[in-house]
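Open the model in a viewer and keep the sequence panel beside it. The stops below say what to select and what is found there.

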Amino acid sequence: MPKVTQQHMDARRKQILDAARRCFLRDGFHSTSMQDLFAESGLSAGAVYRHFTSKDEMILAIAEENMRDVLDITVAVAANRRGRSMGAVMAELLDVIRVKSAEEGVAGLAVLVWGEAMRNRSLARKLDDLMGGMRANLVTLVRDHQERGGLPANATAEGIASTMLSVLPGYILQVALLDPAVVAEVPDAVRALWPGPAGER
């Protein structure tokens, strides 16, 4: 029997998760059965269970992937933060969410995940870990901007970072539920609210 390559395994996993996203967005988490997922993916039960032992595992995987791009951006910007205003950082995060939502329904899935996290402790812990990583990177950025006069020093870096993170759920909710035109100007507004010192973009 030929050896199954990692590339093949990764492609199968992506096929399953793409099918799960479509099902979850269409029918919700609880109305989607494993049989629905088998049919949507075009794979056998055995092929799906080889990658995920339950629907909850798929939900966790999707939740993690939904936030990975946002987390990766905060890591990249934290590593190369000179010359970037906090408004530019936040606007970039919002732009990624908008694009990923148009392509993959990220905003709608995020709203579903938040609701599920209220009853699923494993999912709630995963979201807490991911948000903790984003918050830590933003705290680093905020401190740097405070030292250079780009943000006020009379509030803690932790408090400012948490406030900035609070913008994300409201934006995601509006992207999921409203006409895109309603939030089209939000990234520019964020840049204007947190412009940083003169010369920063």
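Helices (H or I, at least four residues) and strands (E, at least two) are DSSP runs, numbered from the N terminus. The model is predicted: local features need pLDDT of at least 70 and side-chain atom pairs count only at pLDDT 80 or more, while totals for chains, interfaces and linings use all residues. Residues are numbered from 1 along each chain as its sequence is written, and side-chain values use heavy atoms, with hydrogens and water left out.

**The whole chain**

Select everything and colour by secondary structure. The chain has 9 helices and 0 strands, in the order α-α-α-α-α-α-α-α-α along the sequence. The C-alpha trace spans about 60 × 40 × 30 Å along its principal axes. Of the 201 residues, 40% count as buried (buried is under 20% relative accessible area, exposed over 50%, partly exposed in between, with a 1.4 Å probe and protein chains only). Contact here means heavy atoms within 4.5 Å. Among contacts between residues at least 6 apart in sequence, 69% join residues at least 24 apart.

**H1 against H2**

Select helix H1 (residues 6-27) and helix H2 (residues 34-41); their axes come within 9 Å and cross at roughly 120°. The axes are lines fitted to C-alpha atoms, for helices over the stretch in contact, and angles run from 0 to 180 degrees between N-to-C directions. H1 and H2 are therefore oblique to each other; angles under 35 degrees count as roughly parallel, over 145 as roughly antiparallel, 65 to 115 as roughly perpendicular and the rest as oblique. The crossing of H1 and H2 is right-handed (a crossing is left-handed if the near helix is turned anticlockwise from the far one by less than a right angle, and right-handed if clockwise).

Show side chains for Gln-15, Ala-19, Ala-20, Arg-22, Cys-23 and Arg-26 in H1, which meet Asp-36, Leu-37, Glu-40 and Ser-41 in H2. The residues of this contact divide into 4 nonpolar, 2 polar and 4 charged. Ala, Val, Leu, Ile, Met, Phe, Trp, Tyr, Cys and Pro count as nonpolar, Asp, Glu, Lys and Arg as charged, and the others, Gly among them, as polar.

**Arg-21**

Stay on helix H1 and pick Arg-21. Is Arg-21 buried or exposed? Arg-21 is buried, with a relative accessible area of 6%. Leaving aside neighbours within four places in sequence, the contacts of Arg-21 are Ile-62, Glu-65, Asn-66, Glu-104 and Leu-109.

**H1 against H6**

Arg-21, Phe-24 and Leu-25 of H1 make the contact with Gly-108, Leu-109 and Leu-112 of H6. By class, this contact has 4 nonpolar, 1 polar and 1 charged residues.

**H6 against H8**

The crossing of H6 and H8 is left-handed. Ala-107, Gly-108, Ala-110, Val-111 and Trp-114 of H6 are in contact with Pro-169, Ile-172, Leu-173, Val-175 and Ala-176 of H8. The residues of this contact divide into 9 nonpolar, 1 polar and no charged.

Within H6, the buried residues include Val-106, Ala-107, Leu-109 and Ala-110. In helix H8, pick Gly-170. Gly-170 counts as partly exposed, at 34% relative accessibility. Draw a distance from Gly-170 to Leu-109: the pair is 61 residues apart in sequence and 14 Å apart in space, C-alpha to C-alpha.

Select helix H5 (residues 86-104). At 1.5 Å a residue, its 19 residues should span 27 Å, and the end C-alpha atoms are 27 Å apart, which agrees (the expected span is 1.5 Å times one less than the number of residues). The buried residues in H5 include Met-86, Val-89, Leu-93, Val-96 and Ile-97. Gly-105 follows H5 and has a positive phi, near 70°.

**His-51**

Finish in the loop between helix H3 (45-49) and helix H4 (55-79), where His-51 lies. His-51 is buried, with a relative accessible area of 18%. Not counting residues up to four places away in sequence, His-51 touches Met-9, Arg-12, Arg-13, Ile-16 and Glu-57.
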